[in-house]
Amino acid sequence: MILNGNNITKEYTRRGETFPAVNKADFFAWSGDYTVIFGESGSGKSTLLNALAGISAPTSGSIEIDGQPLYSLDDESLSKLRNERIGYIPQNTACLPVFTVTENIELAASLYKRRVDKDQVKSLLKKLGIEHLADEYPANLSGGELRRVSIARALVNNPDLIIADEPTSNLDEDNSRKVFSLFGRLAKAGVAIVVATHDRTAFGYSNRVYHMKLGSLIPDIGEYGNL
Ligand SMILES: Nc1ncnc2c1ncn2[C@@H]1O[C@H](COP(=O)(O)OP(=O)(O)OP(=O)(O)O)[C@@H](O)[C@H]1O
Ligand SMILES: [Mg+2]
């Protein structure tokens with residue numbers, strides 16, 4: 001799997017003024033890469049991740065997965081590709097309130113596939129330390145528990161690209177480490193991981209670091225200089 005983004009710019013207009021939330025960013029990730037994007041609030045991380053995940057088309061520039069330009073696909077093909085290949089963990093956890101934890105996770109798997117692997121769902125919940133909440137409803141879960149449900153939901157289809165927007169924002173250090181090391185194991189198994197985060201715990205696990213500043217994506221060659 002190769003994710004290749006070139007010259008990505010995403011402009012927003014606010015009160016009549018247009019500004020680039022992401023400004024000419026180049027980004028690539030191979031199978032097995034574990035990339036962390038660090039940047040202050042408002043620097044454009046979520047905007048970039050949404051573009052890379054096929055959720056929101058950039059104003060200009062290209063994003064390709066294995067040579068396939070994402071935004072030249074029609075809506076249905078793009079959602080199928082996203083469902084099958086991309087595990088996206090949004091910054092704001094959104095679970096459907098009328099379904100249990102397990103059902104919320106199974107939904108993602110059943111969208112395009114007929115069979116849901118119940119054992120896999122259980123094992124994901126266990127790895128994330130929320131197996132005891134399998135039959136609870138989202139309203140009865142804490143923020144950090146909900147966060148872990150959305151992580152399980154992103155992993156259930158065995159994606160070959162995981163795009164995670166502050167996946168540990170509501171988690172304590174112990175649980176953050178669990179998540180980052182789970183991503184590490186997946187990267188070793190060949191999954192490409194892209195994480196935007198404020199959580200410095202992530203640095204110990206990744207093999208590539210970028211900084212995002214005012215919409216510009218800058219490869220890290222300093223303290224964590226591992227490019
Ligand atoms: N739909 C929108 N319309 C207009 N401006 C937007 C929109 N979404 C985001 N922005 C602006 O674009 C910039 C980048 O936002 P973005 O959400 O990508 O930042 P971020 O780095 O993810 O921040 P955080 O760490 O707080 O999540 C910010 O200035 C934000 O206010
Ligand atoms: Mg964000």
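**A conversation about a predicted protein model**

Tutor: This is a predicted model. The protein carries 25 positive and 28 negative side chains, and the centres of these two sets are 2 Å apart.

Student: What helices and strands does the protein have?

Tutor: There are six helices and 10 strands in the protein. Its radius of gyration is 17 Å, close to the 17 Å that the globule rule gives for 227 residues, so the protein is as compact as a globular protein of that length.

Student: And what does the C-alpha trace span along its principal axes?

Tutor: The span is about 45 × 40 × 40 Å.

Student: How many of the residues count as buried?

Tutor: Of the 227 residues, 49% count as buried.

Student: What about contacts between residues at least 6 apart in sequence?

Tutor: Among those contacts, 67% join residues at least 24 apart.

Student: Let us look at one residue. Where does L161 lie?

Tutor: L161 is in strand β7, which covers residues 161-165.

Student: Is L161 buried or exposed?

Tutor: L161 counts as buried, because its relative accessibility is 0%, and the cut-off for buried is under 20%.

Student: Which residues is it in contact with, leaving aside neighbours within four places in sequence?

Tutor: L161 is in contact with M1, L3, I65, R85, I86, G87, V191, A192 and V194. As for E84, 77 residues away from L161 along the chain, the C-alpha atoms of the two are separated by 9.7 Å.

Student: Now a helix, please. What is the place of S176?

Tutor: S176 belongs to helix α6, made up of residues 173-188. With a relative accessibility of 1%, S176 counts as buried.

Student: Which residues does S176 touch?

Tutor: Not counting residues up to four places away in sequence, S176 touches T168, L171 and D199.

Student: Changing topic: how many aromatic pairs does the structure hold?

Tutor: The structure holds five aromatic pairs. One of them is formed by Y12 and F19, with 6.2 Å centre to centre and 55° between the planes.

Student: Why does that pair count as tilted?

Tutor: The planes of Y12 and F19 are 55° apart, and angles under 30 degrees count as stacked and those over 60 as edge-to-face, so this pair falls among the rest, which are tilted.

Student: What are the relative accessibility values for Y12 and F19?

Tutor: Y12 has 36% relative accessibility and counts as partly exposed. F19 is partly exposed too, with a relative accessible area of 29%.

Technical notes
Residues are numbered from 1 along each chain as its sequence is written. Chains are lettered from A and ligands numbered from 1 in the order in which they are written. This is a predicted model: local features need pLDDT of at least 70, side-chain atom pairs count only at pLDDT 80 or more; totals for chains, interfaces and linings use all residues. Side-chain values use heavy atoms; hydrogens and water are left out. Helices (H or I, at least four residues) and strands (E, at least two) are DSSP runs, numbered from the N terminus. The radius of gyration is taken over C-alpha atoms; the globule rule is 2.2 Å times the number of residues to the power 0.38. Buried means under 20% relative accessible area, exposed over 50%, partly exposed in between (1.4 Å probe, protein chains only). Contact means heavy atoms within 4.5 Å. Lys and Arg count as positive and Asp and Glu as negative; His and the chain ends are not counted. The place of a charge is taken as NZ of Lys, CZ of Arg, CG of Asp or CD of Glu. Rings of Phe, Tyr and Trp (its six-membered ring) pair if their centres lie within 6.5 Å; planes under 30 degrees apart count as stacked, over 60 as edge-to-face and the rest as tilted.
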